[in-house]
Amino acid sequence: PRRASLHTGRYPHSAGVLGPAHAPFGWRLDPRERHVAQILGDAGYSTTLVGMQHLIERGSAHELGYSRVLPVAPAYAEADATLGVLRELSWRDQPFYVEVGFEEPHRPYDFGGAQPDDSRGVAIPPYLPEGPESRQDFAAFQGAIRQMDAGVGRILRGLDELGIADST
């Protein structure tokens, strides 16, 4: 639901997404809603999705307005793919929208070889039971986030190297 709001500027119930898009839930962005990729594409932007999206389960992300869709991959591979797209687009005289959707912060948290990380401790929120299962789950989550953060860092360094960080 929050992705529907982020990508349409509308409340989830207005965008038609009140729960997860994946099975068995099957919520889907209402086809009458305009995704930011559609809006920007219509305005002359090049639109690229690298990785995952959670607004439609079946069908093509092209339905959402992306002119190019690159597959889900581990964060380091998605970062490299994103940098390839940015290298290509930075030389064009065309505005662009590039969205990167990482798989890592989704269960089971071991995508792309992500390893549990408890190097800075594990804080269990007070509303969850304290125990080894919770600690293992949160350490795995932290490891997945660490891997995703490394991918984000790689992209940010690439923006600097391409000289487009201030305008992107």
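**A loop residue, a ring pair and a helix pair**

Modeller: Leaving aside its neighbours within four places in sequence, D30 is in contact with A15 and G16, contact meaning heavy atoms within 4.5 Å. D30 sits in the loop between α2 (12-15) and α3 (36-42). Its relative accessibility of 15% places D30 among the buried residues (buried is under 20% relative accessible area, exposed over 50%, partly exposed in between, with a 1.4 Å probe and protein chains only). The model is predicted: local features need pLDDT of at least 70 and side-chain atom pairs pLDDT 80 or more, whereas totals for chains, interfaces and linings use all residues. Residues are numbered from 1 along each chain as its sequence is written, and side-chain values use heavy atoms, with hydrogens and water left out.

The chain as a whole contains five helices and three strands (DSSP runs, numbered from the N terminus: H or I of at least four residues for helices, E of at least two for strands). Their order along the sequence is α-α-α-β-β-α-β-α. Of the 168 residues, 39% are buried. Among contacts between residues at least 6 apart in sequence, 59% join residues at least 24 apart.

One aromatic pair is present, formed by Y109 and F141. Y109 belongs to the loop between β3 (96-101) and α5, and F141 to helix α5, so the pair ties together parts 32 residues apart in sequence. Y109 is buried, at 10% relative accessible area, while F141 is partly exposed, at 27%.

Helix α5 (residues 132-162) also packs against helix α4 (residues 75-90), at an angle of about 20° and with the axes 8 Å apart (axes are lines fitted to C-alpha atoms over the stretch in contact, and angles run from 0 to 180 degrees between N-to-C directions). The angle makes α4 roughly parallel to α5 (under 35 degrees is roughly parallel, over 145 roughly antiparallel, 65 to 115 roughly perpendicular, the rest oblique). Among the residues making the contact are A79, L83 and L86 of α4 and M148, I155 and L159 of α5. The residues of this contact comprise nine nonpolar, five polar and three charged (Ala, Val, Leu, Ile, Met, Phe, Trp, Tyr, Cys and Pro count as nonpolar, Asp, Glu, Lys and Arg as charged, and the others, Gly among them, as polar).

Conventions. Rings of Phe, Tyr and Trp (its six-membered ring) pair if their centres lie within 6.5 Å; planes under 30 degrees apart count as stacked, over 60 as edge-to-face and the rest as tilted.
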